[in-house]
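Hi there,

Here is the structure I promised to pass on to you.

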Amino acid sequence: MNDINWSSLPFGYYKTDWNARCYFKNGKWGELTFTQSEEITMHMAATCLHYGQEAFEGLKAFRGVDGKIRLFRPDENAKRLYRTAKGIMMQPVEEDLFIKACVEVVKRNERFVPPASSGASLYLRPLLIGTGAEVGVKPADEYLFVVFAGPVGPYFKEGFRPVKFQIVKDFDRAAPLGTGTFKVGGNYAASLYSGQRAHDEGYSNCIYLDAIEKKYIDEAGAANFFGIKNNTYCTPKSTSILPSITNMSLRQLALDLGMKVEERHISVEELSSFEEVAACGTAAVISPISQIEDRETKKIYSFGQEAGPICTKLYETLKGIQEGRIEDKHSWNLIVE
Ligand SMILES: *Cc1c(COP(=O)(O)O)cnc(C)c1O
């Protein structure tokens, strides 16, 4: 029996019963094993510690109103981790191993899957690290794949409320031909200073611009950006943003609603023409944005204190699909049984 107050849980680490481990050694992946240990023992010269051979994923499992547990698009997370692993010379994890590990971790921690309609979910954190010892700069020959999970509360505890963002020009999250399209820890390290400063200055996070011209919107903190105008869903096209699975899903839902979808450059100046703007990612699905201030020019772009109608519709639809309340027309959910 748990007596967890699901709706007040933060987005943070929570100890559960089991996590999955799989080691790549001597040129092959070993058995998928499960442990109750929260620790990893590794060589002090492991490449993840020195040269950033580290990649991760984030996805959620939801208990539906029908009692079934659904994992949202784990095949897409598997594909992205595969691409990321290739991108930083790590041994990739095949899709079936990835899915099997995720499904088993959900099953073995079933008592931590929050009840339907609590707004809470079970967050899964797959992790791939280079564990082989190297001092020369080169890829490791040993890797560890881990999947752990823990319950997280609803992102919006006081309703679907818009937040403020700050445009920064004195920091970049990722370089145009760098690792921005890969989900690697290094990109996060690069964003911590500016993210913390944005918090301290009263913003939810910062909006990064393209690193060359500082003209186009790249990403909104650790989330993708989109804007709505003239029945069109517009989202940046860039070689330094992480391809968000939430964004991909919202583009499809926008098409389903009869909207147009554009993936193209979005300049800072264009902001004033949008009816609604928002950030999107697994944690919140959609974070509507009320205000964006350019930290350098002090120019303010305002979008209202309430979430707009299209953001609200997209949010309700995606959450409804995840929680089994709305028909899953595109077969995005994997039912865990
Ligand atoms: C994970 C992540 C996102 C969101 O991706 P989802 O698949 O929607 O969760 C967006 N931007 C960055 C930098 C990320 O790391």
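First, the ground rules. This is a predicted model, with local features requiring pLDDT of at least 70 and side-chain atom pairs counted only at pLDDT 80 or more, while totals for chains, interfaces and linings use all residues. Residues are numbered from 1 along each chain as its sequence is written, and side-chain values use heavy atoms, leaving out hydrogens and water.

The protein chain splits into domain 1 (6–152) and domain 2 (163–322), with bounds that come from an automatic or database domain assignment. Taken over C-alpha atoms, their centres are 26 Å apart. Domain 1 puts 20 residues into the contact and domain 2 puts in 19, where contact means heavy atoms within 4.5 Å.

About 1700 Å² is buried between the two domains, and carbon and sulfur atoms give 63% of that. Buried area here is the accessible area (1.4 Å probe) that two parts lose on being put together, summed over both. On the side of domain 1, F56, F72 and R80 supply 34% of the area buried against domain 2, more than any other three residues.

Between the domains there are 0 salt bridges (a side-chain nitrogen of Lys or Arg within 4 Å of a carboxyl oxygen of Asp or Glu).

An N or O atom in the side chain of T282 is 2.5 Å from a ligand oxygen. For R80, a polar side-chain atom lies 2.8 Å from an oxygen atom of the ligand. A222 uses a backbone N or O atom, 3.3 Å from a ligand nitrogen.

R80 also forms a salt bridge with E57, with the closest N and O atoms 2.7 Å apart. The whole structure has 23 salt bridges.

Best wishes

Technical notes. Polar contact = N/O pair within 3.5 Å; in protein donor to acceptor, adjacent residues only side chain to side chain.
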